[in-house]
Amino acid sequence: MTMDAAPPFTASITQQIAQQIRDIHPGPPLEAGWLDPRLGALLLLTLTLLLIAALAWLGRRLWRYWDWRQALAAPPASDRRLWLGQLHDRLRQEGLRRWPASRSLQGAEWLAWLDSQGSTDFQRWQHHWDEWLYGHRQPSHAQCQALHADYLRLGRQLLLGRLVHPRGTP
């Protein structure tokens, strides 16, 4: 049977369906800047993961600096010579752990080298350093506080890096 020979009731039903379908339209065209929701979700997930990684990295650095601060307390009013020995040992351990090449440096050379690693001024104490460590003299409380400030500044430079401004800048 051919289409031309279709019964008359079939043709009327087809025309009614065609009239009903005529009202259906695809809607407005999509804008060029609109993203597929799956791509948007993927971008959001990527940004979230990057933010979590950045926060973990920052948290780790801040934790290491907090640990650096806790390793050496502020200088006490008494027995400052013992405190200076702890400072010296802490700087030596950190120096050997980070820079094995610093093993051969001693005295003024070592203090100058420490100053080159961070924005510190340990070298100004080179004339007193050996007397404090191996002699019978001990630093004053003000000198210990200045040494402690340099120690903290070195820690900020090493552990926080670009997160802090170098000495002398706002």
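In what order do the elements of the chain run from the N terminus on? They run α-α-α-α-α-α, and the secondary structure comes to six helices and zero strands. Helices here are DSSP runs of H or I with at least four residues, strands are runs of E with at least two, and both are numbered from the N terminus.

This is a predicted model, in which local features need pLDDT of at least 70 and side-chain atom pairs count only at pLDDT 80 or more, while totals for chains, interfaces and linings use all residues. Residues are numbered from 1 along each chain as its sequence is written, and side-chain values use heavy atoms, with hydrogens and water left out.

The axes of helix 3 and helix 6 come within 11 Å and cross at roughly 20°. Axes are lines fitted to C-alpha atoms over the stretch in contact, with angles from 0 to 180 degrees between N-to-C directions. The two helices are therefore roughly parallel to each other (angles under 35 degrees). Helix 3 passes helix 6 in a left-handed crossing, meaning that the near helix is turned anticlockwise from the far one by less than a right angle.

The table lists the residues that meet, with contact taken as heavy atoms within 4.5 Å.

| Helix | Range | Residues in the contact |
|---|---|---|
| Helix 3 | residues 80-98 | R80, W83, L84, L87, R90, L91, R98 |
| Helix 6 | residues 141-160 | H141, C144, L147, H148, Y151, L154, L158, L159 |

By class, this contact has ten nonpolar, two polar and three charged residues. Ala, Val, Leu, Ile, Met, Phe, Trp, Tyr, Cys and Pro count as nonpolar, Asp, Glu, Lys and Arg as charged, and the others as polar.

Of the 170 residues of the chain, 26% count as buried (under 20% relative accessible area, 1.4 Å probe, protein chains only).

Technical notes. Angles under 35 degrees count as roughly parallel, over 145 as roughly antiparallel, 65 to 115 as roughly perpendicular and the rest as oblique. Buried means under 20% relative accessible area, exposed over 50%, partly exposed in between (1.4 Å probe, protein chains only).
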